[in-house]
Amino acid sequence: MTSTRPSRHRVGRLLPWCAIATLLALAATPGAALAAGPTTTAPAARAAATSGAAQTPGTDSDGPQPPTAGPDRGRDPSRRARRPPHRHDRGADGTPRPRDIPHRPLGPRGDPSAAQTPDTDTPDTDGPESDAPEDSAPEDSTPDTDAPETDAPETPAPEPAAPEPAAAQPPARAVPARPPVRTPPQALRPEQPEQPTPPSVPEPRTPAAPLPGPSPTEAAPAQPNTRTDAARKAAELAADAASVRASWESHGQPRRMVILRPDNIDLVADGQLMRRQPFPGHAVISTLDRYLPSSWLTVAGNTAALSAAVVLTPGAVLDSGGDVRTLKLVGGATPGDAASLYTGGGRLILRGVSVTSADPGSQQPLPPTAAGRPAIVVSARGRLEATDTTISDLGTQPIGIDQGRAGVLFNPDSSGSLIRTTLARNSTGVELSGSVGVQLQDVTASDSMADGVVLRGDRGTTMSGIRATGNGGSGVLVTGVSSSRPVTGVSTTGNGDYGVAVVGQQGARINGVTTASDKGGGMHLSRSTNSVITDFTATDQPIGLFIHVDSNGTVVDRMRSTGGLRGMVIEKTTHGLDVRESTFTGAEVAGIAVGGHQVQLDAVQVDDSRTGVRVERGASDVAITGVLVNHGHDGIVTAEGTSGVVVTDMTVNHVASDGVRTFTPDTRIVGGRIVGGSTGIDAAAATSISGTSIGSVRQGIYSRSTGSVRADRVSVDAIDTGVYAAAGSSVQLSNSRVHALEAIRGVVGQQGINDLSLPPLNLLGAIGVPVILLAILLEMVHAFRQRRVTAARLRPRPGPKHRLPPPQRAGRQLAGSSLSGPGSHQGPDQ
């Protein structure tokens with residue numbers, strides 16, 4: 001029906017509804033009221049809102065009241081069935097998101113749409129409305145509760161005082177707004193806590209209050225936030241990227257790197273994580289290409305070429321398998337090109353495979369000078385197990401501050417085993433640096449650029465059948481932190497330095513080491529204390545055993561040295577050395593050269609060496625006990641500048657020159673026996689000789705010292721001179737026996753009972769019998785030669801043959817002879 005009401009009445013009726021809609025919009029926008037401030041609310045809107053609240057009978061004046069449906073106002077929104085939230089209205093975890101109050105367009109004016117259909121369940125309190133406004137209120141608005149309008153002028157209700165604006169009060173924490181309970185105006189009950197509405201009954205909605213539920217400020221922590229999830233995922237990705245980059249930097253920054261984990265595999269290019277995919281944690285080389293691009297790993301027949309560094313993490317296992325017999329690790333000119341194998345905390349198994357480096361172009365092994373040669377690195381808590389394997393052409397040389405890397409490197413706290421494994425042409429064959437419990441059995445390290453085997457502070461290593469041949473440095477180098485691990489079962493040949501080098505060790509135990517033809521020598525011991533060397537053998541070495549640089553408390557037992565220049569050299573900084581039951585044969589210079597201090601030689605035998613034992617300048621407190629010297633040029637020689645030399649119970653047999661020659665002041669010679677040679681004892685300094693036997697020499701004791709030479713209880717059997725005191729020297733002889741053609745020559749004092757006589761008959765016989773035999777032999781040779789000369793003279797000389805004239809009768813010979821003279825010729829008839 002068409003209303004005859006003037007238009008100004010319509011405007012007056014619409015004004016409160018516009019104010020209410022404004023308040024609803026502000027309430028639906030979080031923080032809008034606070035942002036707007038007190039000046040943004042129009043006074044007319046406040047008055048209209050107050051007027052609308054005052055026209056609702058039986059309500060509290062402190063807050064909004066539940067609406068009452070009127071005619072032509074549509075259903076009560078609180079009773080309308082609510083649709084389930086759309087999937088776009090839900091968060092990442094399925095919980096509904098807070099929504100703004102919907103503002104749907106209502107039906108056309110005069111058309112009773114769903115928003116204008118009277119609610120039959122709501123009692124009609126105001127009667128039918130004659131005219132509907134042109135612009136109906138929103139669906140969630142509070143319906144009009146005024147009485148029906150008449151033609152009489154409308155008496156306005158007294159306007160109550162406007163409430164204090166919300167923005168003027170201090171901001172309080174937003175809490176879920178709940179509609180107040182309608183109470184009868186005549187009987188107001190005391191204020192009590194509100195009870196929750198049963199789930200089956202929908203709570204009424206009021207236009208002045210926000211939607212039921214927590215405010216946006218409280219809902220944010222409780223509900224999953226997509227931004228929070230995204231931030232968490234971004235943080236995880238950043239952490240993964242940082243971890244991958246740290247691993248990349250710690251492994252030499254390779255251009256390509258593969259990280260094998262127990263559950264996934266990472267592909268890294270230039271430090272960036274390119275791809276991550278699931279991985280079972282265990283793989284063999286032949287199946288690893290399923291996870292890698294073809295440019296990173298190729299498998300052709302029984303040969304695999306790996307162009308990316310591989311890093312294992314704890315729990316991951318990489319096995320060479322039985323299909324691959326040759327594994328080529330591709331390298332290049334820069335360290336980033338090296339496709340090295342890093343066990344990390346995982347386990348690398350090599351069985352019956354040959355591992356080598358390869359040039360990316362020619363596929364030939366990389367030269368030793370290439371900075372990008374790969375290596376096999378066993379990291380902490382990682383393990384390498386190689387059996388029947390050949391590892392060749394790996395590792396880098398030191399360049400500048402870069403110390404290089406061994407072909408096979410066991411880092412601290414790593415473990416593993418090398419069994420029947422050959423290491424060839426590596427930078428260093430294998431290095432054990434702080435490893436724990438590594439087993440080396442039947443390992444051959446050959447042709448390395450540096451050392452063959454390096455033991456650097458390793459613990460619990462077991463060794464047997466170690467062979468080091470042709471390496472540029474030492475065959476086996478023992479250095480680093482001292483360890484109780486014994487060095488045993490080692491043989492070296494033809495290495496560029498020493499066969500075995502022990503540096504900076506304390507309590508080293510070296511047993512069963514055999515060396516031959518190493519260029520530096522068999523073994524050298526440097527800066528080591530309390531070392532024990534047992535059953536060491538050196539053959540054709542420049543120095544069999546070299547002990548130097550403050551090595552103290554060393555024990556050498558049952559050493560064998562054959563050939564070479566010197567069997568053992570003890571440098572002058574050495575203190576406290578004990579050599580026991582050792583044999584030195586065929587040394588070109590000296591069997592033992594002593595230059596240290598507190599040196600004890602006990603039961604040492606030297607054969608066929610130029611000098612058996614030589615005490616060098618600077619040595620002191622040298623005790624030579626029970627030494628046996630056979631043949632050679634000199635037996636025992638002490639140089640000038642030495643002190644405290646004591647020779648006890650020595651035996652020198654058939655040397656060419658001197659049995660003992662000493663330049664050490666106050667040398668003591670106690671006991672012993674000298675047989676054969678030119679001179680028994682040559683004393684060039686003050687010497688004390690007691691209880692010594694000298695026989696079968698040309699000269700027994702020769703003194704050229706300015707100091708006193710004392711001989712007590714000595715026995716001398718010499719051919720020429722028994723005791724000879726040179727000019728300026730004196731000899732004191734006591735209780736001795738001297739038999740020689742000339743028993744005493746020079747100034748020789750005598751004390752006690754001395755036996756001075758010609759050589760005994762047996763000595764003369766021993767001297768004369770060979771002379772007689774030699775004369776007989778010469779006579780026989782002369783007679784034989786004379787018979788040959790006589791036979792040659794009787795033999796006819798070669799030349800033309802002359803026939804003798806035939807024999808003639810005597811008468812005819814006389815008739816024709818010239819003896820008949822003239823006129824003696826007779827005719828035939830006479």
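**Exercise 1. Contacts along the chain**

Determine what share of the contacts in the protein chain between residues at least 6 apart in sequence join residues at least 24 apart.

*Solution.* Step 1: consider the contacts in the protein chain between residues at least 6 apart in sequence. Step 2: of these, 43% join residues at least 24 apart. The model examined here is predicted. Step 3: for context, the protein chain has eight helices and 57 strands, and 41% of its 830 residues count as buried.

**Exercise 2. Strand β6 and its partners**

State how β5 and β9 run relative to β6.

*Solution.* Step 1: strand β5 (residues 297-300) and strand β6 (residues 303-306) are joined by four bridges and run antiparallel. Thr298 has Ala305 in β6 as its bridge partner. Step 2: two residues lie between the strands of this hairpin, and Gly301 adopts a positive phi near 65°. Step 3: β6 is also joined by four bridges to strand β9 (residues 326-330), and these two run parallel. Here Thr303 has Thr326 in β9 as its bridge partner.

**Exercise 3. Aromatic pairs**

Classify the pairs Phe279 with Tyr291 and Tyr702 with Tyr724 by the angle between their ring planes.

*Solution.* Step 1: the count comes to two aromatic pairs. Step 2: the ring centres of Phe279 and Tyr291 lie 5.3 Å apart, and their planes stand at 80°. Since planes over 60 degrees apart count as edge-to-face, this pair is edge-to-face. Phe279 belongs to the loop between β3 (272-278) and β4 (282-284), and Tyr291 to the loop between α6 (285-288) and β5, 12 residues apart. With a relative accessible area of 5%, Phe279 is buried; Tyr291 counts as buried at 18%.

Step 3: Tyr702 and Tyr724 have ring centres 5.3 Å apart and planes at 40°, so this pair is tilted. Tyr702 lies in strand β50 (residues 693-703) and Tyr724 in strand β52 (residues 715-725), so the pair ties together parts that are 22 residues apart in sequence. At 23% relative accessibility, Tyr724 counts as partly exposed.

**Exercise 4. A nonpolar surface patch**

Is Leu773 buried or exposed, and to which patch does Leu773 belong?

*Solution.* Step 1: Leu773 is found in helix α7 (residues 761-794). Step 2: its relative accessible area is 53%. Because exposed means over 50%, Leu773 is exposed. Step 3: Leu773 forms a nonpolar surface patch with Val769, Ile772, Ile776 and Met780, and together they have about 510 Å² of accessible area. Step 4: the protein chain exposes about 42,700 Å², of which carbon and sulfur atoms supply 55%.

Notes. Residues are numbered from 1 along each chain as its sequence is written. This is a predicted model: local features need pLDDT of at least 70, side-chain atom pairs count only at pLDDT 80 or more; totals for chains, interfaces and linings use all residues. Side-chain values use heavy atoms; hydrogens and water are left out. Buried means under 20% relative accessible area, exposed over 50%, partly exposed in between (1.4 Å probe, protein chains only). Contact means heavy atoms within 4.5 Å. Accessible areas come from the Shrake-Rupley method with a 1.4 Å probe; for residues, only the protein chains shown count as cover. Two strands pair if DSSP finds at least two bridges between them. Patches are made of residues with over 30% relative accessible area and no salt bridge: like charges are joined within 9 Å, nonpolar side chains (Val, Leu, Ile, Met, Phe, Trp, Tyr) within 5 Å. A salt bridge is a side-chain nitrogen of Lys or Arg within 4 Å of a carboxyl oxygen of Asp or Glu. Rings of Phe, Tyr and Trp (its six-membered ring) pair if their centres lie within 6.5 Å; planes under 30 degrees apart count as stacked, over 60 as edge-to-face and the rest as tilted.
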